[in-house]
Amino acid sequence: MTTAEPIVEDERFMREALEQARRAAAAGEVPVGCVIVHGGQVVASGFNRPISRHDPTAHAEIEALRATGAALGNYRLGGCTLYVTLEPCAMCAGAMVHARIGRLVYGAADPRAGAAGSAFDLLRSPAFNHRLEVAGGVLEAECREMLLDFFRQRR
């Protein structure tokens, strides 16, 4: 595998996460989308649904983690890569640690609440017995612009 291949793969899967974010926006939810990949294939996806589900835990990552666990028949998701358009919050980061996700790739950083290095770093904390590989900024401009457009329309 060449150095460019992981970047191409990361962008391909982030585009799929962006499609999930569009679904969230169309449903009136904050446009965050997620896909989880195992063995080079998308296993599951999710998008934000806390408003429509009346569930504060229905973040894109949680939706995708639940679907991946069901698809793989295991709550341990080692070897999986999670792609999400916005840096995960503390709740989602904690779920990723518990699931033993191998790698996180996110688009836009969240300086106020991001738990993958922006506000704080739960995913690589020595306090936990599992740490994730983290790559941020993949298709960052597209991910950020989708969020900014959504909030501009709300104001």
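Me: How many bridges join strand 3 to strand 4, and do the two run parallel or antiparallel?

Reply: This is a predicted model, in which local features need pLDDT of at least 70, side-chain atom pairs count only at pLDDT 80 or more, and totals for chains, interfaces and linings use all residues. Residues are numbered from 1 along each chain as its sequence is written, and side-chain values use heavy atoms, with hydrogens and water left out. Strands here are DSSP runs of E with at least two residues, numbered from the N terminus, and two of them pair if DSSP finds at least two bridges between them. Strand 3 (residues 80–86) is joined to strand 4 (residues 103–108) by 5 bridges, and the two run parallel.

Me: Is Thr-81 buried or exposed?

Reply: Thr-81 lies in strand 3, where 7 of the 7 residues are buried, so the strand is largely enclosed by the rest of the structure. Leaving aside residues up to four places away in sequence, Thr-81 touches Val-35, Ile-36, Val-37, Arg-103 and Val-105, contact being heavy atoms within 4.5 Å. Buried means under 20% relative accessible area, exposed over 50% and partly exposed in between, with a 1.4 Å probe and protein chains only. At 13% relative accessibility, Thr-81 therefore counts as buried.

Notes: Helices (H or I, at least four residues) and strands (E, at least two) are DSSP runs, numbered from the N terminus.
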